[in-house]
Amino acid sequence: MTPANAEWLPAAIAGLVALSLVVAVLATAWPRQAHRVGLLGALAITAWVLGLSALFLNAGPDPEAAATRVALGGWEAPLGLMLHLDGLSMTLLVLTAVVGLATSLYSLGYVHDRIERRQFWPLWLWLWAGLNMLFLSGDAFNLYITLEVVSLSAVALVAFTGTAAAVSGAVRYLLVNILGSLSFLMGVVLLFGEHGVLDLLLLETRTEAGPTERMAAVLMTAGLMLKAALFPLHVWLAPAHGSAPAPVSAVLSGLVVTGSFYLILRLWMGVFAPLATPAFGILVGMLGVAALVWGSLQALRAGRLKSIVAYSTVAQFGYLLVAFPLMLVDPGAWRVVVFFAVVHALAKASVFLAAGTLQHAAGHDRLADLGDVLRARPRTVFALGLAGVSLMGLPFTGGFIAKYLLLEAGLGTVLAGSVIGVLWVLAIAGGGLLAAAYILRMVAPAFHRGHEDAGEAVSPWMDWVPLGLATVAALAGLAGTLTLNTLALTPGAP
Amino acid sequence: MNGLLVLFDLVLLAGIVGVAWRCLASTDLFRAVVLFITFGLLLALAWVRLEAPDIALAEAAIGAGITGALLLVTLERLRSIMAERRSGRPHTPPPDPTGPHALLRALHDPPPERRTFIPALSFALVVGGLLVTALWHQPHSTGLEPVVDAHMDISGVDHPITAVLLNFRAYDTFLELAIVLIALLGAWSLGRHDLIPARPAPGPILPGTLRLLVPVAIVTGVYVLWAGSHAPGGAFQAGAILGAAGILLVLARPRQLPMAPGVPLRLGLTAGVALFLLVGLYGLVAGHGFLGYADAWAYPLILLIEVAATLSIALALVALFVAGRPAGDDA
Amino acid sequence: MIANTLTVLLLLAGLVFFAAGTAGLLRFPDVYSRLHALTKADNVGLGLVVLGLMFQASGPADILKLLLIWLLVLAAGTTAAHMVAQRTWTHGEFESDR
């Protein structure tokens with residue numbers, strides 16, 4: 001650890017927040033150039049995040065010293081707000097940067113109308129800034145506000161096309177978000193009333209398994225589950241995705257939902273850690289199995305391309321729930337869960353982008369009539385298939401490594417003598433089969449003999465970006481060790 | 001005396017619950033909106049009783065006042081759309097088919113059915129009961145009051161709430177300003193607003209009153225902003241008062257409103273966040289931390305930020321009332 | 001002592017007017033008579049309450065603020081009543097959505 005690195009790290013963290021905000025404010029104040037501001041900003045933010053991760057990895061070989069906290073305005077907690085960077089937030093920041101950059105490039109082609117561009121870019125840049133701030137926040141109330149920034153800009157983006165279906169999907173999403181946020185806020189209020197501090201690390205040292213913590217845990221987890229579309233609180237997901245623009249669906253399924261899940265994980269690893277009992281773990285795991293089955297069945301029944309992908313998010317998030325009981329037996333398994341969420345976000349974003357290209361070319365996304373376009377656009381179909389393979393978890397993709405590690409953890413619980421562990425193993429293996437079924441449904445028409453029709457011309461961005469992101473998702477397996485090592489730099493976590 | 005206060009609190013509490021109940025149970029939207037405004041005023045009174053005058057002020061101005069106006073104007077547009085649908089033909093061609101009208105159409109779902117009533121009520125009772133139980137066990141905590149009091153002398157202002165909002169936790173306040181802006185961006189992304197035709201008021205009374213009230217509102221707004229440094233008040237409350245003055249002017253317009261110019265309006269709307277961010281960046285570069293001030297500069301900088309924020313909030317609230325973006329914004 | 005007695009008496013008198021105004025609002029048959037009851041009673045009632053509170057004020061600034069509140073409510077109340085009456089005159093009685 002060189003002293004220069006440690007010195008620069010806090011400034012680099014505050015600088016990332018400042019940079020994301022400057023880009024968002026600039027695009028809002030200067031809508032005429034919003035897309036140029038957005039493109040330059042996307043490149044700058046990505047470069048900054050990569051530089052930050054290099055600094056971070058160089059600075060902290062000692063897991064206990066790896067969390068870097070930055071006091072905003074020079075006020076230390078409990079008086080002020082602290083930004084908080086550890087391995088977990090660093091991983092998600094890099095994920096956000098990769099998906100964010102891909103989405104920005106894709107949007108250059110997708111949002112081409114001059115007036116739409118002026119509306120789209122500021123909202124998207126606010127969403128990105130909100131996500132960066134969410135992952136860096138170390139304060140319970142500040143988390144609530146960053147969640148609001150993320151949700152509100154996401155709702156506006158879902159309604160973006162302005163059609164009646166989009167608006168009613170967005171209104172539903174808005175109501176769900178408000179309910180989730182209020183529930184989360186109530187939990188924050190309870191914790192603050194009991195312990196008198198808002199800083200997460202300070203809270204962590206003071207919480208025990210009392211009635212306040214129990215109630216706060218229920219409220220905050222339920223609110224976040226609603227926002228993360230975790231089964232059975234997923235009903236808003238498909239309508240919101242159905243009519244949202246493709247880049248928005250990609251960000252929503254890839255990042256926003258993952259952000260809420262990140263928060264659940266962060267809270268249960270820190271503040272609520274004393275409350276986690278095996279019975280609770282089994283309950284959550286059961287919900288996960290139900291989500292896997294229900295989401296997959298809906299995806300198999302859905303008639304529209306984007307609905308299939310949306311329901312597959314419900315199913316894939318079932319894995320994250322199944323992982324909870326595994327974490328209780330093998331605490332180190334949480335890193336595998338995060339790795340899975342990262343691979344899922346990459347793959348899911350590229351599937352949505354590819355679906356957007358197909359929808360744009362065909363003018364609709366009814367699966368039954370997509371055959372001609374699918375056959376004529378091998379590049380997009382390849383992206384769809386490559387990301388799909390990663391979602392299924394076929395060997396040598398990021399998804400394979402993640403599922404393999406999950407399965408290993410599951411088998412570990414069986415060997416440890418847990419009977420219910422068999423159910424987790426079956427769910428993990430069976431879920432992969434179901435995923436294979438609905439993903440093949442999407443790409444199968446491309447292999448039928450028939451008429452070819454490329455449909456409407458699409459910009460090169462829309463042609464190549466999904467493929468690039470799908471490649472990243474597939475290759476993420478190679479970065480598995482790096483990701484797991486980065487995650488290990490999270491102090492306080494097992 | 002104490003017994004009387006307890007009695008007052010109980011009556012207030014019963015009133016709040018009763019009004020909220022009537023508001024939710026009402027199948028008549030206009031009645032529900034009026035009850036919602038009443039609810040906001042009672043809630044403001046409750047904040048006064050909880051000795052939180054800052055929140056009471058904000059609740060009365062924003063929760064009851066501006067939100068009430070927003071709900072009423074939404075209802076008015078909803079009615080005209082419903083009348084249109086009933087008559088079977090659009091009486092005016094909508095200038096922008098994807099505009100705010102689509103939102104209103106989507107919003108007007110049928111009233112909730114009877115069969116959702118029992119589950120909803122029992123769910124509310126269970127959650128409420130659990131909350132009460134959890135609160136019952138809570139110790140009497142002073143929260144962060146002692147820490148804030150200990151740092152008041154270097155905060156630059158004399159009012160602890162303002163010190164927390166604009167100095168100790170300035171980041172949160174910055175994001176709250178951003179949220180107002182994002183809400184407006186979302187509303188604007190849905191479409192342009194129509195030309196706002198004149199609505200000459202019958203008789204001289206309304207224009208006369210406005211000529212009297214608007215200057216008073218502006219003076220009050222500036223006073224509330226100024227008072228924020230040492231007493232309850234601040235940018236959000238002042239912005240709401242100035243925004244209310246603007247809404248009154250939009251409502252009672254003797255002639256067609258001119259379209260707002262795009263560039264100055266955008267600059268005005270972003271002034272609050274932009275200035276806040278600039279000050280924050282300066283703090284980062286100068287070594288006080290992001291969003292930090294040098295002690296000696298705290299007061300003037302806080303005042304500067306508050307003035308810009310008040311302007312942006314007032315503009316954003318009026319723009320939300322008008323709904324869609326002005327045509328000038330697309331130029 | 002005298003100030004306190006006066007305050008209590010004036011507040012009570014004000015409350016009587018408020019009660020009368022509310023009763024009128026609830027019981028009178030049409031918009032005009034309801035408005036009549038409401039505005040007249042509320043203005044005088046609030047005036048009495050404000051006058052009563054003036055005896056508790058700590059200085060001339062408070063007295064002026066109280067006076068200002070009364071005047072502003074008078075102006076706003078009158079205008080609102082006028083507009084409701086005007087609307088009823090041109091559009092007829094209010095129709096519910098139900």
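This is a predicted model: local features need pLDDT of at least 70, side-chain atom pairs count only at pLDDT 80 or more; totals for chains, interfaces and linings use all residues.
How many bridges join strand β1 of chain A to β2(A), and do the two run parallel or antiparallel?

**View 1. Two paired strands in chain A.** Strand β1 (residues 68-71) and β2(A) are joined by four bridges, and they run antiparallel. Look for A:Arg69, which stands opposite A:His84 in β2(A). Strand β2 (residues 82-85) is covered on both faces. On one side you'll find A:Met82 and A:His84, on the other A:Leu83 and A:Leu85, and all of them are buried.

**View 2. The largest nonpolar core.** This one holds 284 residues. If you want to know who has the most contacts inside it, pick out A:Val158, A:Ala323 and A:Leu346. Helix α13 of chain A (residues 334-362) gives the core its largest share, 21 residues. Now zoom in on A:Ala323. Setting aside its neighbours within four places in sequence, A:Ala323 is in contact with A:Ala333, A:Val337 and A:Leu406.

**View 3. Where chain B meets chain C.** Here twelve residues of chain B are in contact with nine residues of chain C. On the chain B side, the elements that give two or more residues are α2 (29-49) and α9 (205-227). The largest share of that side, six residues, comes from α9(B). Sort the chain B side by type and you get eight nonpolar residues, three polar and one charged.

**View 4. Two residues with a positive phi.** Most residues other than glycine have a negative phi. A:Ala229 isn't a glycine, yet its phi is positive, at about 55 degrees. You'll find A:Ala229 in the loop between α8 (211-228) and α9 (237-242) of chain A. B:Glu51 isn't a glycine either, and its phi is also positive, at about 60 degrees. Its place is the loop between α2 and α3 (53-87) of chain B. Which of these is buried or exposed? A:Ala229 has 28 other C-beta atoms within 10 Å, so it is buried. B:Glu51 has 8 other C-beta atoms within 10 Å, so it is exposed.

**View 5. A histidine in chain C.** C:His36 sits in helix α2 (residues 31-54) of chain C. Why does C:His36 count as partly exposed? Because it has 15 C-beta neighbours inside 10 Å, and partly exposed is the class between 12 or fewer (exposed) and 20 or more (buried). Then follow the chain to C:Pro60, 24 residues apart from C:His36: the C-alpha atoms of the two are separated by 33 Å.

Conventions. Residues are numbered from 1 along each chain as its sequence is written. Chains are lettered from A and ligands numbered from 1 in the order in which they are written. A nonpolar core is a set of buried Ala, Val, Leu, Ile, Met, Phe, Trp, Tyr and Cys residues joined through C-beta atoms within 7 Å. Two residues are in contact if their C-beta atoms, placed from the backbone, lie within 7 Å. Ala, Val, Leu, Ile, Met, Phe, Trp, Tyr, Cys and Pro count as nonpolar, Asp, Glu, Lys and Arg as charged, and the others, Gly among them, as polar. Two strands pair if DSSP finds at least two bridges between them.
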